[in-house]
Amino acid sequence: MELKINQQIKQFNVESLSVQSLLDLEIPNKQNGIAVAINNTIIPKTNWDQHFVRETDEILIISATQGG
(Lines give C-alpha, C1' and ligand atoms only; values in the text may rest on other atoms or scores of the structure.)
Protein backbone atom coordinates (compact mmCIF):
# COMPACT_ATOMS: atom_id res chain seq x y z
CA MET A 1 0.00 0.00 0.00
CA GLU A 2 1.32 3.42 -0.95
CA LEU A 3 0.25 6.31 1.29
CA LYS A 4 0.87 10.03 1.22
CA ILE A 5 1.69 11.09 4.78
CA ASN A 6 2.66 14.68 5.54
CA GLN A 7 3.35 15.27 1.83
CA GLN A 8 5.69 12.25 1.59
CA ILE A 9 4.95 9.00 -0.22
CA LYS A 10 5.54 5.91 1.93
CA GLN A 11 5.18 2.20 1.19
CA PHE A 12 3.61 -0.34 3.55
CA ASN A 13 3.48 -4.09 2.97
CA VAL A 14 -0.14 -4.51 4.10
CA GLU A 15 -3.52 -4.73 2.42
CA SER A 16 -5.42 -2.71 5.03
CA LEU A 17 -4.30 -0.33 7.73
CA SER A 18 -6.23 1.42 10.49
CA VAL A 19 -5.16 4.85 11.66
CA GLN A 20 -3.97 3.28 14.94
CA SER A 21 -1.91 0.67 13.09
CA LEU A 22 -0.41 3.37 10.92
CA LEU A 23 0.60 5.39 13.98
CA ASP A 24 2.03 2.25 15.62
CA LEU A 25 4.31 1.89 12.58
CA GLU A 26 5.16 5.56 12.09
CA ILE A 27 5.54 6.82 15.68
CA PRO A 28 5.41 3.83 18.03
CA ASN A 29 6.76 5.65 21.10
CA LYS A 30 4.79 8.90 20.96
CA GLN A 31 1.06 8.92 20.50
CA ASN A 32 -0.02 11.47 23.09
CA GLY A 33 -0.49 14.96 21.73
CA ILE A 34 -1.13 13.64 18.21
CA ALA A 35 -3.85 14.71 15.79
CA VAL A 36 -4.64 12.92 12.55
CA ALA A 37 -6.47 14.38 9.57
CA ILE A 38 -7.45 12.38 6.52
CA ASN A 39 -8.55 14.33 3.46
CA ASN A 40 -8.78 17.49 5.60
CA THR A 41 -11.05 15.84 8.20
CA ILE A 42 -9.84 15.29 11.76
CA ILE A 43 -10.22 11.68 12.89
CA PRO A 44 -11.04 11.53 16.63
CA LYS A 45 -8.68 9.38 18.67
CA THR A 46 -11.65 7.23 19.71
CA ASN A 47 -12.07 6.22 16.03
CA TRP A 48 -8.45 5.42 15.22
CA ASP A 49 -8.98 1.64 15.57
CA GLN A 50 -12.07 1.63 13.34
CA HIS A 51 -11.01 4.10 10.63
CA PHE A 52 -9.05 2.49 7.81
CA VAL A 53 -6.91 4.44 5.36
CA ARG A 54 -6.96 4.05 1.57
CA GLU A 55 -4.22 4.70 -0.95
CA THR A 56 -6.05 7.76 -2.27
CA ASP A 57 -6.19 9.39 1.18
CA GLU A 58 -4.05 12.38 2.06
CA ILE A 59 -2.93 11.86 5.65
CA LEU A 60 -1.65 14.57 7.95
CA ILE A 61 -0.14 13.65 11.33
CA ILE A 62 0.39 16.60 13.65
CA SER A 63 2.34 16.44 16.91
CA ALA A 64 1.88 19.05 19.62
CA THR A 65 5.08 20.70 20.83
CA GLN A 66 5.91 22.68 23.93
CA GLY A 67 7.06 26.21 23.64
CA GLY A 68 6.85 29.61 25.13
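**Fold and a serine**

Mentor: In the protein chain there are 1 helix and 5 strands. Keep in mind that this is a predicted model.
Trainee: What pattern does the protein chain follow along the sequence?
Mentor: Reading along the sequence gives β-β-α-β-β-β. The radius of gyration is 12 Å, close to the 11 Å from the globule rule for 68 residues, so the protein chain is as compact as a globular protein of that length.
Trainee: OK, and how much of the protein chain counts as buried?
Mentor: Of its 68 residues, 31% count as buried. The protein chain exposes about 4,800 Å², with carbon and sulfur atoms supplying 47% of that.
Trainee: Switching topic, where is Ser-18 found?
Mentor: Ser-18 sits in the loop between β2 (8-11) and α1 (19-26).
Trainee: Is Ser-18 buried or exposed there?
Mentor: Ser-18 has a relative accessible area of 5%, and buried means under 20%, so Ser-18 is buried.
Trainee: Which residues is Ser-18 in contact with, leaving aside neighbours within four places in sequence?
Mentor: Those are Trp-48, Asp-49, His-51 and Phe-52.
Trainee: And what does the side chain of Ser-18 make a polar contact with?
Mentor: The partner is the side chain of Ser-21, at 3.0 Å.
Trainee: One last thing, how far apart are the mean positions of the positive and negative charges?
Mentor: They are 9 Å apart, counting 5 positive and 8 negative charges in the protein chain.

Terms used: Residues numbered from 1 in each chain as written. Predicted model: local features only at pLDDT ≥ 70, side-chain atom pairs only at ≥ 80, totals over all residues. Heavy atoms only, no water. Helix = DSSP H or I, 4+ residues; strand = E, 2+ residues; numbered from the N terminus. Rg over C-alpha atoms; globule rule 2.2 N^0.38 Å. Buried < 20%, exposed > 50% of the residue type's maximum accessible area, 1.4 Å probe, protein only. Areas by Shrake-Rupley, 256 points an atom, 1.4 Å probe, with all protein chains shown as cover. Lys, Arg positive; Asp, Glu negative; His and termini not counted. Charge placed at Lys NZ, Arg CZ, Asp CG, Glu CD. Polar contact = N/O pair within 3.5 Å; in protein donor to acceptor, adjacent residues only side chain to side chain. Contact = heavy atoms within 4.5 Å.
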